[in-house]
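I opened this entry to keep track of what I looked up, one topic at a time.

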Amino acid sequence: MIIKQKIMRNVSLTAHPAGCAAYVQEQLDYLKSQPLLENRDSYPRRVLVIGGSTGYGLASRMVAAVVGGAASINVSFEREPAENKVATPGWYNTVAFEREAKKMGLYAQSIFGDAFSTEIKEQTAELVKQHLGQVDLIVYSLASPMRIDPVTGQQYKSVLKPIGKTYSALSVDVPSGIVETAVIEPAEGTQVEETVKVMGGEDWRLWIEFLFGKGLLAKGFKTVAYSYIGPEITFPVYREGTIGKAKEHLERTAGELTRNLSVIDGEAYVSVNKALVTRASAVIPVVPLYIALLYKVMKEMGLHEECTRQIHRLFTDRLYRGTAVPVDAEGRIRLDDWEMRPDVQAEVDRRWAMQKEGSPMVGGDLEGFKEEYDHIHGFGYASVDYSVDVDPREV
Ligand code: NAI
C-alpha cells in the first residue's frame with residue numbers, strides 16, 4: 001500500500017515504516033558520533049524501559065544502548081501491522097531499533113501490551129530473569145490516556161484540565177498557523193483523582209516493588225521517571241492542573257522508592273524534562289504555540305535539544321556523571337534548566353505578547369514543530385520515497 005500521512009486534530013493516524021526506520025537511524029547516528037566516555041563502564045548494562053517505543057522512552061533506550069552498550073527490554077502498547085493496515089510508529093521504531101541493536105551485538109527485546117497490567121509485569125519479570133538476570137536501570141516513560149487498575153479492574157481516565165476555573169489562553173492551529181484562543185473547562189467529579197491514578201506514581205511503584213520482590217533489581221540500581229513543569233503561562237492547565245497533581249504524586253513516589261530501595265543502594269529519580277514535540281505533547285492545547293516559540297528562541301541561542309540530545313545529557317551529565325546526581329531542593333533532576341533560563345523565558349514571553357488572535361503566528365518555529373512531528377511518525381524524510389508501494393508489515 002502507499003502510506004500517506006493522515007492527521008486529525010493534531011493526531012497522526014498513520015506512520016511510515018521506512019520513515020520510522022530513518023528516524024531511528026538518524027538518532028543512532030547522532031549518538032554514535034558522540035565521543036566515547038571514559039566512565040562508560042559505570043553505565044547500566046541491563047536496562048528496562050517502560051514506554052520505550054517513542055518520545056523520551058525510545059530516546060532513553062537508544063542512549064543506554066549506544067552510549068553504555070546496554071542490553072534492553074522495552075514494554076509498550078502498540079498496534080501491530082496487518083496486510084493493509086499500518087502499525088503505530090512505536091512498533092516500527094521498535095523493530096528498526098532492535099534490528100540495529102542486534103547488529104551492535106546487543107540484546108534487545110520487547111513486550112507489547114498494557115504496562116499497567118499484572119500479566120505484563122509477570123511476562124517482563126520472566127524475560128528479565130531469563131535474559132538479563134537483573135536490571136541496573138528502569139526508565140518509566142509512560143504517557144497514557146487511561147489505566148485499568150490491576151486489582152479492582154476499574155478503568156481510570158487521565159485528562160488535561162485546569163482545577164477550579166476555566167483556562168483560556170492563546171494557542172495555534174498547527175495546520176494553518178493561525179493563532180486562536182483555547183478554552184479549557186475545569187476538571188469535574190473524580191477527574192483529578194483519576195488523572196493521578198493514571199499518570200501519578202502508583203504504577204511506577206508497582207513495577208519497582210514487583211521486580212524488587214523477585215530479586216531482579218541489581219545492587220546500585222537506579223530508576224527514573226519523567227516530569228514537566230514549564231512556564232507560568234501554562235501553570236493553570238499543566239502544573240496546577242490535573243496532570244500537575246499526577247506529576248506531584250510521581251515526584252513524591254521517587255523519594256519513597258529511594259527509601260525502600262536502600263538495601264540494594266537503589267535510587268529513584270524524577271527528571272523534569274524540556275517541552276518537546278512528541279505524540280503525547282502535540283495534542284495539549286497551548287503547547288504547540290509555546291513549543292513553536294520556545295524552539296525558535298532556543299535554536300537562535302544554540303540551546304535547542306530534541307529527545308535524544310536531552311536524554312544523552314540526562315545520562316552523561318546527571319545520572320551517570322560519576323558523582324552524586326545533581327538535584328534541586330525538591331530532589332528532582334532538572335533537565336529543563338536551559339528551557340527555564342530567565343533569558344529564554346523572557347524572550348518567549350516577549351514573542352508571546354506579539355501574537356494576535358485570527359492572525360498567523362509570528363516569531364516562532366512552526367515549521368520546526370511540524371517537521372519534528374512528521375519525523376516522529378516517519379514522514380518528511382528526503383531519503384524516503386513516499387510514492388512507493390510498501391508492505392506495512394515490513395520495516
Ligand atoms: P510518547 O507518547 O512519545 O510515549 C509514551 C510511551 O508510553 C509509548 O512508548 C507508548 O507505547 C507507551 N504507552 C502508553 N500507554 C501504555 C500502556 N498502557 N502500556 C504500555 N505502554 C504504554 O510520550 P512522551 O512525551 O515521550 O512522554 C513520556 C513521559 O515524559 C511522560 O510521563 C510525559 O509526561 C513526560 N514528559 C514529556 C514531555 C514532552 O514535552 N513531551 C516533557 C517532560 C516530560
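I took contact to mean heavy atoms within 4.5 Å. The model is a predicted one.

**Trp 207 and the core**

I looked up what Trp 207 touches, leaving out residues up to four places away in sequence. I found Leu 48, Ile 50, Val 75, Ala 115, Ile 120, Lys 121, Thr 124 and Tyr 140. I then looked up the largest nonpolar core, and it has 125 residues. Trp 207 is among the residues with the most contacts inside this core, together with Leu 48, Ile 138, Trp 204, Leu 217 and Phe 315. Helix 8 gives the largest share of the core, 10 residues.

**Helix 8**

Which residues of helix 8 are buried? I listed Val 287, Pro 288, Leu 289, Tyr 290, Ile 291, Ala 292, Leu 293, Leu 294, Tyr 295, Val 297 and Met 298. That makes 11 of the 14 residues, so helix 8 is largely enclosed by the rest of the structure. I looked for what covers these buried residues, and the cover includes strand 9 (167–173), helix 10 (342–352) and helix 11 (366–375).

I also checked the length of helix 8, which runs over residues 287–300. At 1.5 Å a residue, the 14 residues should span 20 Å, and the end C-alpha atoms are 20 Å apart, which agrees. Just after helix 8, I noted that Gly 302 has a positive phi of about 70°.

I looked up an open sheet of 7 strands, which pair in parallel in the order 5-4-3-6-11-12-13. Strand 5 (108–112) and strand 13 (333–334) are at the edges with a single partner strand each, so one side of each has no neighbour in the sheet. Strand 13 pairs with strand 12 (residues 267–272) in the parallel sense over 2 bridges. Ile 333 in strand 13 is the bridge partner of Ser 271.

I checked helix 6 (residues 202–213) next. Helix 6 lies across strand 3 (46–50), strand 4 (71–76), strand 6 (135–140), strand 11 (217–227) and strand 12. It runs at about 170° to strand 11.

**Salt bridges**

Side chains of opposite charge can pair when their charged atoms come close. How many salt bridges are there? The count comes to 30, and I looked at three of them.

Glu 100 forms a salt bridge with Lys 103, with the closest N and O atoms 3.0 Å apart. The two are 3 residues apart in helix 3 (residues 89–103), which means a separation of about one helical turn. Is each end buried or exposed? Glu 100 counts as buried because its relative accessibility is 11%, whereas Lys 103 is exposed at 62%.

Arg 147 and Glu 202 also meet in a salt bridge, at 3.0 Å from N to O. This pair links distant parts of the chain: Arg 147 is in strand 7 (residues 146–148) and Glu 202 is in helix 6, 55 residues apart. Arg 147 is buried at 0% relative accessibility, and Glu 202 is partly exposed at 27%.

Glu 330 is exposed at 55% relative accessibility, while Arg 332 is buried at 10%. Both belong to a network of salt bridges that also links Arg 239, Glu 251, Asp 328, Arg 334 and Asp 336.

How values were computed. Residues are numbered from 1 along each chain as its sequence is written. This is a predicted model: local features need pLDDT of at least 70, side-chain atom pairs count only at pLDDT 80 or more; totals for chains, interfaces and linings use all residues. Side-chain values use heavy atoms; hydrogens and water are left out. Helices (H or I, at least four residues) and strands (E, at least two) are DSSP runs, numbered from the N terminus. The expected span of a helix is 1.5 Å times one less than its number of residues. Buried means under 20% relative accessible area, exposed over 50%, partly exposed in between (1.4 Å probe, protein chains only). Two strands pair if DSSP finds at least two bridges between them. Axes are lines fitted to C-alpha atoms, for helices over the stretch in contact, and angles run from 0 to 180 degrees between N-to-C directions. A salt bridge is a side-chain nitrogen of Lys or Arg within 4 Å of a carboxyl oxygen of Asp or Glu. A nonpolar core is a set of buried Ala, Val, Leu, Ile, Met, Phe, Trp, Tyr and Cys residues joined through side-chain atoms within 4.5 Å.
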